[in-house]
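Trainee: I have not looked at this protein before. Could we go through it by question and answer?

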Amino acid sequence: MSEFRTEHDSMGDVQVPAKAYYGAQTQRAVDNFPISGWALPTDLIHAMGLVKYAAAIANRDVGKLTGTGKKPLNDKQVDALLSACREVAEGKFDNEFPVDVFQTGSGTSSNMNVNEVISNRAVEILGDDRFSPEKSVHPNDHVNMGQSTNDTFPTSIHVAVAVSIQENLIPALEKFAGSLAKKAAEWDKIIKIGRTHLADATPLRLGQEIGGLARQIELSIGRAERARDAVLELPVGGTAVGSGINTHPEFGSRVAKVLADETGIAFIEAVNHFEANAQRDGLVECHGQLRAIASTLFNVSNNLRWLSSGPRCGFGEVVLPDRQPGSSIMPGKVNPVMCESMMQVAARVMGNDQAIAISGATGGQFQLNIMMPVMGQTTLESITLLANVTDAFVEFCSDDMHAHPDHCEAAVEKSLSMVTSLNPYIGYEKASALAKEAFKTGKTIRELCTEQNVLPEEELNKALDPMSMTEPQA
């Protein structure tokens with residue numbers, strides 16, 4: 001068998017790898033866009049297969065596939081089409097989608113890639129020759145029936161993004177919040193000094209500090225849910241410019257219902273197809289929430305990194321699990337590598353958000369956004385990175401970190417901010433003078449108060465009790 005076969009499209013003949021399931025239009029795109037070597041994310045390919053499946057269901061149910069149109073299909077051919085769509089959605093043909101991310105801005109090359117693969121696989125399922133130029137299940141007339149790239153490609157992006165958030169990011173954040181909440185409960189009786197402006201502040205409990213981090217992740221779960229909800233409206237049904245030319249009036253709503261039933265996510269037909277076809281504001285909003293999650297993850301991991309600094313010359317209040325040797329020259333050195341990994345992911349996602357914002361703002365002229373492939377790839381990359389690094393952080397870091405109570409408590413008595421609890425007894429001015437004297441002499445607040453008989457011993461001990469400083473007092 002020859003290494004290549006000849007395929008034909010409206011522009012002429014094209015040489016295509018002999019065994020490939022894709023055809024001429026895909027190969028033209030491969031030839032035209034040798035840009036990055038990055039194919040579309042498989043999550044997006046799977047979503048495109050699912051959208052094609054939902055479209056075939058809708059067209060079957062309104063009688064268009066088997067009706068009076070060009071080359072109507074029989075029931076066996078419809079079943080083959082549906083099976084081929086399913087196989088793409090299930091990832092069985094992932095190697096058949098070579099088109100570069102940086103392609104035509106509508107995603108037409110990838111839409112046709114999917115149409116060609118599904119067509120040829122359906123033909124094969126029927127027992128026919130998939131290499132024949134005459135297709136019993138045609139990539140345009142049947143697989144793409146009632147559709148344009150301009151509505152189905154952004155629909156596929158929305159589906160892929162929402163599913164990835166629902167199935168990957170939200171569960172990862174829930175695990176992380178639970179991991180931190182568990183540590184907060186375990187460490188609730190450990191007293192430590194607080195720090196504001198990187199300077200000593202009043203005491204708090206280590207459990208309270210970690211509980212604040214846990215709450216940050218809980219709030220991030222809500223942001224992930226809002227990110228998912230920002231892409232629930234689907235452009236499908238708008239076809240080329242939003243008018244719905246060449247499609248059934250119920251097509252959009254029927255496709256959305258199939259997709260909702262298949263994924264368990266509440267997808268709906270777009271309220272206004274002209275907005276939905278032309279603009280990707282929902283995707284910009286979605287990624288804005290991802291940026292906020294990235295900011296939180298950077299903050300949480302960086303705080304844990306600082307709390308674990310040491311082991312002897314830093315704070316050393318939290319001990320992170322050793323994961324790997326930390327230096328090629330300093331024996332025994334171990335670094336907070338999981339924190340650093342999470343911080344790098346967060347930086348990448350924040351950078352990705354700029355690409356999404358620019359693509360959303362400048363890409364949508366008149367009836368079409370022409371930056372969609374990079375918007376889809378970038379958003380899915382952000383979701384995948386956030387979910388993966390969160391899962392790894394929980395498994396390799398937060399679940400196994402432990403407290404260092406001695407380090408936490410050692411700094412409390414030395415803190416000048418212990419004087420804050422004396423304000424109600426002696427006033428701000430006198431308390432400030434005590435703090436300055438303590439700093440000058442190297443004595444603790446308690447030692448100075450005892451020397452100067454600032455308060456009776458019992459009252460002083462009550463006022464300077466670190467545990468009482470960690471809660472409001474009536």
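Trainee: Is Asn303 buried, partly exposed or exposed?

Mentor: This is a predicted model, in which local features need pLDDT of at least 70, side-chain atom pairs count only at pLDDT 80 or more, and totals for chains, interfaces and linings use all residues. Residues are numbered from 1 along each chain as its sequence is written, and side-chain values use heavy atoms, with hydrogens and water left out. Buried means under 20% relative accessible area, exposed over 50%, and partly exposed in between (1.4 Å probe, protein chains only). Asn303 has a relative accessible area of 31%, so Asn303 is partly exposed.

Trainee: Is Thr444 buried or exposed, and which residues does Thr444 touch?

Mentor: Thr444 lies in the loop between helix 15 (428–441) and helix 16 (445–451). Its relative accessibility is 14%, so Thr444 counts as buried. Contact means heavy atoms within 4.5 Å. Not counting residues up to four places away in sequence, Thr444 touches Glu413 and Ala438.

Trainee: What covers the buried residues of helix 1?

Mentor: In helix 1 (residues 24–32), the buried residues include Ala24, Thr26, Gln27 and Ala29. Their cover includes strand 1 (4–9), strand 2 (12–17) and helix 4 (108–125).

Trainee: Which feature does UniProt place at residues 418–471, and how much of that stretch is helix?

Mentor: The unreviewed UniProt entry gives "domain: Fumarase C C-terminal" for residues 418–471. The end C-alpha atoms of this stretch are 14 Å apart, and the chain there is 0% strand and 59% helix.

Trainee: What radius of gyration does the protein have?

Mentor: The radius is taken over C-alpha atoms, and the globule rule is 2.2 Å times the number of residues to the power 0.38. The C-alpha atoms fill a box of roughly 100 × 50 × 35 Å along the principal axes. A compact globule of 474 residues would have a radius near 23 Å, but the protein has 30 Å.

Trainee: How many helices and strands are there, and what percentage of the residues is buried?

Mentor: The protein has 17 helices and ten strands. Of its 474 residues, the buried ones make up 52%.

Conventions:
Helices (H or I, at least four residues) and strands (E, at least two) are DSSP runs, numbered from the N terminus. UniProt positions are given in the numbering used here, feature names are shortened, and annotations may be inferred rather than shown by experiment.
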